[in-house]
Amino acid sequence: MWVFRFLFTEAARLLRSVEGRRLLGLAFRYGDRPRNQAIDVTFGPYRFRVPDALSFVWQYREIFVDEFYKFTTTNPNPVIFDCGTNIGTSVVYFRQNYPNARIVAFEADEQISAILQDNLRKNQISGVEVITKAVWTNEEGIWFGSDQADSASIFSQTDRKLVPSVRLRDVLLRETRIDMLKMDIEGAETAVLTDCHDALAHVQNLFVEFHAYLDHPQTLTDVMKVLEGSGFRYYINTSQYRHAPLVNHRYTGNDTMDLQLNIFAYRN
């Protein structure tokens with residue numbers, strides 16, 4: 001069972017922090033719930049509706065324990081663009097750590113956006129502008145397919161539908177400074193970043209979850225060219241470990257992607 005493997009390898013590190021101990025509690029309570037079934041979860045003072053308990057537990061680990069979205073700024077009122085907000089776990093982190101931030105949240109899925117807005121309202125998290133549109137390269141809409149848990153993407157062929165879009169480049173250029181740009185948009189990141197190549201000079205910190213879908217080109221080079229051309233330093237890691245990768249060309253349990261990376265870009 002995944003919970004016990006997880007506990008034995010991570011317990012020592014996790015037990016040293018409040019958030020780590022909270023993650024262990026979440027894993028015990030929710031980690032083995034049936035997949036893709038909506039449930040109410042409690043963490044700290046918050047009560048959230050989540051469409052998939054296991055996805056939420058991993059979100060919590062990345063956001064609150066590993067602090068993927070932590071950044072430093074001298075701006076007393078930092079500007080945060082959260083592209084692919086999902087149900088709002090990232091917004092909780094941003095509001096806790098940057099209480100005076102202006103947060104703009106983009107969520108393409110109408111149903112997930114409704115859950116997001118309800119979660120924010122129930123937990124009295126205010127001052128967040130929610131835009132129920134996909135960030136994209138134009139405003140003509142984009143075809144999205146649904147998938148399990150939090151993995152709807154432009155590459156999925158299941159229940160495809162046209163969703164409204166906003167050209168991120170235009171939105172970025174209307175700002176004078178963006179302290180944090182978070183981008184978890186399930187495969188659309190290469191096209192969007194390429195379109196934004198001349199609009200990133202005032203972005204101070206950038207997180208990109210990069211995806212390479214099977215039967216589609218791997219476009220990591222395109223993303224890195226944009227980041228290097230915009231003057232970013234960067235760090236890359238992956239949580240999708242694969243044993244004997246020259247033999248095992250897919251992640252266990254993942255039938256859609258053969259590469260998923262976390263890219264952290266920043267300015268010195």
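Predicted model: local features only at pLDDT ≥ 70, side-chain atom pairs only at ≥ 80, totals over all residues.
Local features need pLDDT of at least 70 and side-chain atom pairs count only at pLDDT 80 or more, while totals for chains, interfaces and linings use all residues. Residues are numbered from 1 along each chain as its sequence is written, and side-chain values use heavy atoms, with hydrogens and water left out.

An open sheet is formed by 7 strands in the order β5-β4-β3-β10-β11-β13-β12, with mixed pairing. Strands are DSSP runs (E, at least two residues), as are helices (H or I, at least four), numbered from the N terminus; two strands pair if DSSP finds at least two bridges between them. The edge strands, β5 (128–131) and β12 (233–237), each pair on one side only. Strand β12 runs antiparallel to β13 (residues 257–266), and 5 bridges join the two. Asn 237 stands opposite Asn 262 in β13.

The whole structure contains 14 salt bridges, each defined as a side-chain nitrogen of Lys or Arg within 4 Å of a carboxyl oxygen of Asp or Glu. In one of them, Arg 121 and Asp 118 have their closest N and O atoms 3.2 Å apart. These residues are separated by about one helical turn because they lie 3 residues apart in helix α5 (residues 110–122). Arg 121 is exposed, at 56% relative accessible area, whereas Asp 118 is partly exposed, at 27% (buried means under 20%, exposed over 50%, partly exposed in between; 1.4 Å probe, protein chains only).

Arg 169 and Asp 170 also form a salt bridge (3.7 Å, N to O). Arg 169 is buried, at 19%, and Asp 170 is partly exposed, at 26%. Salt bridges with shared partners link Arg 167, Arg 169, Asp 170, Asp 195 and Asp 198 into one network.
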